[in-house]
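Visitor: I have a structure open and would like to learn how to read it. Can you take me through a few features?

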Amino acid sequence: MRVHIGCDHAGLELKSHLINRLTELGYELVDHGPFVYDALDDYPVFCIRAAEGVVRDREQGLDSLGVVIGGSGNGEQMAANKVTGIRCALAWSEETAKLARDHNNAQVVAVGGRMHSLEDMTKFVEIFLAEPFSEEERHVRRIDQLHAYDADGVRPALPESAKGLGPAEDQD
């Protein structure tokens with residue numbers, strides 16, 4: 001599997017560690033930078049490129065996922081999610097890393113280099129990369145709703161159980 005990785009200055013140490021660790025585990029790493037410490041660098045520059053690499057690979061039928069890293073992982077997740085076709089999840093525990101793949105079929109994971117120990121973050125990434133998508137019908141249906149909204153901007157229809165119960169219906 002190919003893994004695209006990008007970060008900002010706050011994730012540089014973790015990125016270097018992950019490149020070594022994931023290479024040892026047999027992953028092919030594509031490093032989108034940064035390559036030197038710059039306290040003023042901007043995470044979108046590197047995280048968008050990592051997410052775009054995942055999209056390109058997948059369009060070519062390659063098995064590919066991504067990892068984006070920053071201080072908290074929040075901005076990095078937002079940057080990756082701007083790339084059409086990407087679902088990037090913020091992992092802050094082993095369970096959220098697993099569910100990002102199992103339930104949401106996320107193709108990119110974001111982690112915060114200042115939020116957890118190096119060991120914990122490494123474990124979150126390893127779990128994310130190893131976990132397959134469950135392909136359960138309810139998860140496929142929900143992801144399909146997201147794809148449809150991205151394509152046409154039309155919100156999914158309200159279920160009968162929500163009709164007439166609040167402002168959500170007023171917006172339809």
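Guide: First, the ground rules. This is a predicted model, where local features need pLDDT of at least 70, side-chain atom pairs count only at pLDDT 80 or more, and totals for chains, interfaces and linings use all residues. Residues are numbered from 1 along each chain as its sequence is written, and side-chain values use heavy atoms, with hydrogens and water left out.

Visitor: What counts as a helix or a strand here?

Guide: Both are DSSP runs, numbered from the N terminus: helices are H or I with at least four residues, strands are E with at least two.

Visitor: At what angle do the axes of α1 and α5 cross?

Guide: Start with the axes. They are lines fitted to C-alpha atoms, for helices over the stretch in contact, and angles run from 0 to 180 degrees between N-to-C directions. Helix α1 spans residues 12–24 and helix α5 residues 118–130. Their axes come within 11 Å and cross at roughly 50 degrees.

Visitor: How is such an angle put into words?

Guide: Angles under 35 degrees count as roughly parallel, over 145 as roughly antiparallel, 65 to 115 as roughly perpendicular, and the rest as oblique. α1 and α5 are therefore oblique to each other.

Visitor: Is the crossing of α1 and α5 left-handed or right-handed?

Guide: Look at the near helix against the far one. Turned anticlockwise by less than a right angle, the crossing is left-handed; clockwise, it is right-handed. The crossing of α1 and α5 is right-handed.

Visitor: Which residues of α1 and α5 meet?

Guide: Contact means heavy atoms within 4.5 Å. From α1 come Leu14, His17, Leu18, Arg21 and Leu22. They meet Leu118, Met121, Thr122, Val125, Glu126 and Leu129 of α5. By class, this contact has seven nonpolar, two polar and two charged residues. The classes are simple: Ala, Val, Leu, Ile, Met, Phe, Trp, Tyr, Cys and Pro are nonpolar, Asp, Glu, Lys and Arg are charged, and the others, Gly among them, are polar.

Visitor: How do α4 and α5 pack?

Guide: Their angle is about 20 degrees, with the axes 8 Å apart. That makes α4 roughly parallel to α5. This crossing is right-handed. On the α4 side, Glu94, Ala97, Lys98, Ala100 and Arg101 make the contact. The residues divide into five nonpolar, no polar and four charged.

Visitor: Now charges. How many salt bridges does the structure hold?

Guide: A salt bridge is a side-chain nitrogen of Lys or Arg within 4 Å of a carboxyl oxygen of Asp or Glu. The structure holds 10. One of them pairs Arg2 with Asp57, the closest N and O atoms being 2.9 Å apart. Arg2 sits in strand β1 (residues 2–7) and Asp57 in helix α2 (residues 43–59), so this pair links distant parts of the chain, 55 residues apart.

Visitor: What other salt bridges are worth a look?

Guide: Lys15 pairs with Asp31, with the closest N and O atoms 2.7 Å apart. Lys15 belongs to helix α1 and Asp31 to strand β2 (residues 28–31), 16 residues apart. Lys15 is buried at 2% relative accessibility, while Asp31 is partly exposed at 28%.

Then take Lys98 and Glu131, whose closest N and O atoms are 3.8 Å apart. Lys98 lies in helix α4 (residues 94–102) and Glu131 in the loop between α5 and α6 (137–152), so the pair ties together parts 33 residues apart in sequence. Lys98 is partly exposed at 29%; Glu131 is buried at 18%. Salt bridges that share partners also join Arg2, Glu28 and Asp57 into one network.

Visitor: Which residues of helix α3 are buried?

Guide: In α3 (residues 74–81), they are Gly75, Glu76, Gln77, Ala79 and Ala80. Their cover includes α2, β3 (64–70), β4 (88–90) and β5 (108–112).

Technical notes: Buried means under 20% relative accessible area, exposed over 50%, partly exposed in between (1.4 Å probe, protein chains only).
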